[in-house]
Amino acid sequence: MSADPRLLANAIRALSMDAVQAANSGHPGMPMGMADAATILFTEYLKYDPQDPDWHDRDRFVLSAGHGSMLIYSLLHLTGYARPTIEDIKGFRQLGSPCAGHPENFMLKGVEATTGPLGQGFAMAVGMAIAERHLNAVFGDDLVDHRTWVISGDGDLMEGINHEAVGLAGHLQLGRLNVLWDNNKITIDGATDLSTSEDIPGRYRASGWHVVACGGHDFDSIRRALDEAVADPRPSLIDCRTIIGWGAPNKQGTSATHGSALGAEEVAAARKQLVWDSEPFDLPEPIVAEWRKAGARSARLHEKWRARLAASAHREEFVRRMEGRLPDGMAKSDYFDWLAANPQKVATRKASELALEAINTVLPETIGGSADLTGSNNTKTKAQKPLTKEDYSGRYIYYGIREFGMAAAMNGMALHGGVIPYGGTFLVFSDYCRPAIRLSALQGARVVYVMSHDSIGLGEDGPTHQPVEHLTSLRLIPNLAVFRPADAVETAECWALALERREGPSLLALTRQNLPQLRLERTENLCARGAYRLRGAGAARRVVLVATGSEVELAMKVADALEGQGMGADVVSMPCWSLFDAQEPAYRADILPDGVLRVSIEAGTTLGWERYTGPDGIRIGLDRFGASAPAEDLFQRFGFTAEAIVPQILAAL
């Protein structure tokens, strides 16, 4: 490269301080401090093509320190991506601009993951590296041969999820994962020694990582460190000793540059310090030309890759997986016919395993796993072998007791493309996963969460393990499809819907206790409506019973008792609120008509059910914690019996 890399890096600094100053909001210090290392990475090492941002074999770059978003926006603009334009950057953090306060993958090509909640970008990058190694094992170097690069800050490395992600990556020896640590020793509160004295390089080495240090403003030192990281077979932590806000003469090296604009005087002083004479947002043509040349650096590699793809016998299958299309014939599975002929009285966690046996046979892109609860979640099928450092072609990951790390890694795998990840734990431990589940929904990641032991029905483990408020709280997350199936048929239908759902994540809440199969005939996928009439009233309809999961069987018993007294009762199974809410008004009015008593039955909090029962309906639920006892005793104790519910309905009528 003929241009002085410091001049190229200063373009990043100028754009970053100008955009933050214009918005009077943002974090200029991190992009100014990491501009030098990022310049070397993007001009000499990273494999990418701004003319085709979705190139399947591009390197993945994740800005885990998402608060420094102007770093990635500057890099995308300078290297020649269609957006952000300079006008987009002028609108940084403003309504309508794709340059949001933190990078959002659905706003800009080149942003691989939505980051900002510290630690999650790093953990998603681990998932991307897993996906790359798995697809490489399946399709070979000709089609899949790329790296995952991350820029992380001190905060990323302090977060608890970092320990989970580092341990998993080290255990799997993900040597294509390289993390540049912006080691500026500053957080918002001040110097890092206010809050930590941890030996971070020592922790990484102990976890099986390669660690190399460099001067974050010494270009030769940066190159040496990156070369060493690329050559090492282990995942690498590149310790870049930097000065936050480098170039701002009065504020650099202090927390004053971390989370607020520099101020007009300091911006002017920085321009003088950097010998940057251009007006705000005005970039010298020679510097832009050098950046664009760097952006075109991988075009020849891309062209050769296209030729290999065109000649590959695996072309159609590879492209299908990377585009997220399911195989032809998936919807015609004869598994539903088998269920109709062989009714299953099993827990829905077991029903999920049965469904997965059929799914994993015809869907080779699924990669399952569990956070040390494989035998309880029933997430491993007979044909799945483990994904290990010796064999990345495996399709099952033993995540260990790392629920948050698992969930974030699955996000990264889904964002990488080519795989559909699913992972299991107990529903109560969705609390550990929740920040990653939220990012699944925000990013539109096709991840399936398999959450078993979904109510007091798990029994003796007691209230620490019995979810009560969890279904309600998870249903509050936009773009998360929460399914609670009632039997083996509904479980299979919910799995089909989750796999077809490309626009976001799904969560299956599954029982520990056995449930009878309530549907015995092959039908269309009734769960696709979110709720449906499982059984219509025999006598004149007076009541509509709406239930989910294990309580649908109970609703059938309640209906039998009411019909025995001449009270007509519909039974409605509602496995997914959000899908029902999306139905046309006429369908919803037919399923939940006016002029009758509506009763909801679910072994969880009642909050939210009033939207379906109306203010005058009855909501049978559990607005307290459970207890330690056998499941049948708990259902009796907390009123989940026909004998307890029928009198309440009769009194209301």
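The model is predicted: local features need pLDDT of at least 70, side-chain atom pairs count only at pLDDT 80 or more, and totals for chains, interfaces and linings use all residues. Residues are numbered from 1 along each chain as its sequence is written, and side-chain values use heavy atoms, without hydrogens and water.

**Exercise 1. Check the length of helix 21 and find what its buried residues pack against.**

Solution. 
- Helices (H or I, at least four residues) and strands (E, at least two) are DSSP runs, numbered from the N terminus.
- Helix 21 covers residues 551-564, 14 residues. The expected span is 1.5 Å times one less than the number of residues. That gives 20 Å, and the end C-alpha atoms are 20 Å apart, which agrees.
- Buried means under 20% relative accessible area, exposed over 50%, partly exposed in between (1.4 Å probe, protein chains only). The buried residues of helix 21 are E551, V552, L554, A555, M556, V558, A559 and L562.
- Their packing partners include strand 17 (541-547), strand 18 (568-573) and helix 26 (642-652); contact means heavy atoms within 4.5 Å.
- Just after the helix, G566 has a positive phi of about 85 degrees.

**Exercise 2. Classify the ring pairs Y48 with Y81 and Y396 with Y398.**

Solution. 
- Rings of Phe, Tyr and Trp (its six-membered ring) pair if their centres lie within 6.5 Å; planes under 30 degrees apart count as stacked, over 60 as edge-to-face and the rest as tilted. The whole structure holds 22 aromatic pairs.
- For Y48 and Y81, the centres are 6.4 Å apart and the planes at 5 degrees, so the pair is stacked. It links distant parts of the chain, 33 residues apart.
- Y48 is buried at 3% relative accessibility. Y81 is buried at 11%.
- Y396 and Y398 are edge-to-face, with 5.1 Å between centres and 70 degrees between planes. Y396 is buried at 0%, while Y398 is partly exposed at 45%.

**Exercise 3. Which residues form one aromatic cluster with W577, and which charged end sits over the ring of W577?**

Solution. 
- The cluster consists of W577, F580, Y587, W609 and Y612.
- A charge sits over a ring if NZ of Lys or CZ of Arg is within 6 Å of the ring centre and within 35 degrees of the ring normal.
- R475 sits over W577, 4.2 Å from the ring centre.
- R529 lies over the face of Y587, at 4.1 Å from the ring centre.
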